[in-house]
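Biologist: Please show me the model. I have some questions about it.

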Amino acid sequence: MPDLDRIAAPLGAECDPDDTLADVLDLLRGQHPLPLNVVHRGIVVGTVGLDAVIPASGRDLGTVRVGDVMRPVPELDAGESVELAARRMVETGASAVVVTEPEGGLFSRSTRAVGVVSQAQVLAEIGRNVVDKAPMKMLIGHRDLGFNVPVSPCQRNCPIKQDIATYIDYVSQGRYVDSWMVIHETNPFPSMLGRLCNHPCETDCKRGWDPGEDPVTIRSIKRFSTDFAFKQGLWIDYKIAPPKGKSVAVVGAGPAGLTAALDLRVQGYEVHLFERESKVGGLLSTSIPPFRFDHKQLQWELDMILNTGIEVHTDTNVGVDEGDVTLDSLLAEHDAVFVSIGMMKGRILPVPGSDAPQVIDAMRFLRIISYDRIPEHFEPGKRVVCVGGGAIATDAVQSSIKLGAKDVWMCAIEPEDKLPAFGNELHEAREIGLKMSTGIIVKEIHTDSDGNVTAVSFAPLHDLEFDPLSGKVIFASVKEIEGAERVTIPCDYVIFASGQIMENPGEPMPLTPRGLIAADRGGHTGVDRLFAGGDCVQGPSFIVDAVGWGHRVARSIREYLGEDMEAAADFRLRQTIVERTDDHRQSEYFARTEPPILEAAKRYDMSEVEQSWSDREAIVQAIRCFQCDSVHHYDASVCVLCGACDDVCPEKAIDVVVFGEDRERASGGDTVVCQTSGGDPVAGGYEGEIYINYDRCTNCRICEDHCPVNCITFERVRYVDDTMRVRELPELKKVLPMAAAG
Amino acid sequence: MTDIERLDPDRLAPDAANPAVRSVMREEVVFCLPSTTIDAVAKLMADNDLTELPVLIDRRPVGYVEARDIVERLVEGRVVVAGSDVVRPFVTEVTASDILHTPPLLVDEKDRLLDVLASMRRQERQSALVMHEDERPVGMITAREVAAHLAAQLQGAPANA
């Protein structure tokens, strides 16, 4: 056990019991956290520390005698243990012990004080055990703490730059609400994106870089946090900036429009949201069937956005038809107009028979279902053919089966392994009876004498070529096999999921030759005050891309309206948070799992297919994250450039470079994490730097474990602009039965 | 200047003897989580000259822990000092939630220092957590800051904590 003489501090300054606190205040401050020794007639009779100041602060410190506020101070031999010192402090109420040594001869034996051990030193000794030494601090403002903060690959690849490593770490620590709040910083639709995102983050997860390893299930962890917040009945109130006195019209209440509307509203703009449907949400509300997600959660997220004071105009179409609001009138009434109308009209290929009453496009089919209605001419027990192989087609065929169709076919030009639909969704559809025919192109819809659909015939195709970057079909390669027999599938109902069209909102909107809106990545159309973004500019894409468009265009509009972007954040509390990252050393024991899905027999209604994880499973999956945003913080005042971290790093991610020495530099990293020197360079001193390759580092912390001088810490630095306040909303549980059940 | 600053009583009637805590506070919040082990809490206290440490969940204060409770756990053998002859690595199972005290002492950053000190004396506390109007902690008042202010008052100079 450590002896007291090893940790004892010199006795330091002294004072007399008759001194006042005012007399010794400067001494106390100078010696803090060590207390001041109170000495009377050469004997230490007590100690007084800064802890005496607050209780005495109600009086004149010049009248407070040290002897009245001092604490007792037990004596202990220098050979005694720290634990015994702690015991004496607890027993006597002392904040320090005086360390003594024997002196004198055999018959005149006495002790003399040689030092002092305070409570603060005992705490420091306990703290030396700690492996994780990261400070836990919050600082006002966005501080440059003098070291590089790496951006994790998943975050780099995310269109909305979600702070993924942080929210996953919070789940692994059981901080689910924290996690949900971090997600909400850039993502107003986590319940949707937790289920439906195409998760480009997982594509670039460092865990998946290793052969034989799968990426972290990032999307489903997001869903878990959101499910938790929903079941707890939590609600976010956004802090709204003082009014800017400017008004922005947002046309189209889909994910892009709503995101931009929220961003602008939070900044103090008056926002008018125009939506031609009778409900907001765009394709989330009208094109994605309920078995994909919980519509109550969508409504919860929409309500949080609209509750900020966005003026909503539903059942209001912006276009050129009678009764429509025109773009010109919006441009005249508002300081800026953002058009995010998506591509909401389905395309029906003009093949013979496509004008039959039982032919419908998938967008319309799904929209009707979203209003809890059965599409016209659709009858349970009948046969359905869906033309197309994408996500919309999968939703349409699954909806058909769940509405009672008997024989449902999906027919696509792509081969089965190249279908644009998500593989898991296709698998789910097949489990409930979907039949597929691929590599064929629709040629004709057959009808009977009454004009009702009886069959669809297809022509087989040669092998297709695909764009290596986008993975989409190169249409020039679509060629029928001459003379091949046509494939004819009998059916009563045909759904075309063969692309979507943007409906032109009218002048002065500039269009591209493809019929999309001409705008740059920031949404500038070249027309004064007119911005556009989302699918109507990019073409059909993913929900997360639309949210990214919303953020970007909101920023463009703010810049256009002359906002000083730096000053604009001043109304919010800006903080830099430094905290430890969780220890995920055991992560390699766990394999990737996906959330459970309802068994096939229970999937013949509109119940949500994908189920939520248990706490345990979510934490286990979160632990798999490498925490790539962790900062190696080397304490340059302690590091001796010994190279132990470099030697033990299993990923070869660290280079310790000592100037004048021939050390191998193999990590390829160029991020300097430590610059230090020691001793006289002429007489054997050293000077050098440490580099990290953050693309290689897996945050395994073996370097930290092996550092002989304990100078490495793993920490996370986060910058937060506070716009959100979370509160419990008890009434949510009453309104939404699922929340109560949770 | 924001509306909040316009309404700041310090701007209207500066009072050097009794300033708003915002001008005296330590402009950082050192904290731990309920799940933080007490050896890590001890290190945070030692590194930052604190005898009380706020415990936060979701950046919301839920309580605080005291140094003397950690020293008591050392006496009980539930946490050890470095270099002790207990077989290492010793991982303490005691966390901040086990020694949590409630409620935390929260003060508004616009509160006057003398009022805050009165609250600290009444509740026998050595620290207070300074809160922003956004319900987030933004600073701390401890004996160190109070002593700096009082020393400056005694010398008739502005405080420099």
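Biologist: In which loop is the place of Val151(A)?

Modeller: This is a predicted model, where local features need pLDDT of at least 70, side-chain atom pairs count only at pLDDT 80 or more, and totals for chains, interfaces and linings use all residues. Residues are numbered from 1 along each chain as its sequence is written, while chains are lettered from A and ligands numbered from 1 in the order in which they are written. Helices (H or I, at least four residues) and strands (E, at least two) are DSSP runs, numbered from the N terminus. Val151(A) sits in the loop between strand S7 (137-140) and helix H7 (153-157) of chain A.

Biologist: Is Val151(A) buried, exposed or partly exposed?

Modeller: A residue is buried if 20 or more other C-beta atoms lie within 10 Å of its own, exposed if 12 or fewer, and partly exposed in between; C-beta atoms are placed from the backbone. Val151(A) has 14 other C-beta atoms within 10 Å, so the class is partly exposed.

Biologist: Leaving aside neighbours within four places in sequence, which residues is Val151(A) in contact with?

Modeller: Contact requires C-beta atoms, placed from the backbone, within 7 Å. The C-alpha atoms of Val151(A) and Ser630(A) are separated by 8.9 Å, though 479 residues apart along the chain. With those sequence neighbours set aside, the contacts of Val151(A) are Arg156(A) and Asp629(A).

Biologist: Which element gives the most to the side of chain A that touches chain B?

Modeller: The contact takes 56 residues from chain A and 53 residues from chain B. Elements giving two or more residues to chain A's side include helix H2 (21-31), helix H5 (82-92) and S7. The top contributor, with 8 residues, is H6(A).

Biologist: Which residue stands opposite Met138(A)?

Modeller: Strands pair if DSSP finds at least two bridges between them. S7(A) and strand S1 (residues 28-30) of chain B run antiparallel, joined by 3 bridges. In S1(B), the residue opposite Met138(A) is Val29(B).

Biologist: Which strands stand at the edges of the open sheet in chain A?

Modeller: The sheet has 5 strands, in the order S11-S10-S9-S12-S23, with parallel pairing. Each edge strand has a single partner strand, so one side is left without a neighbour in the sheet: these are strand S11 (311-313) and strand S23 (530-532) of chain A.

Terms used
Two residues are in contact if their C-beta atoms, placed from the backbone, lie within 7 Å.
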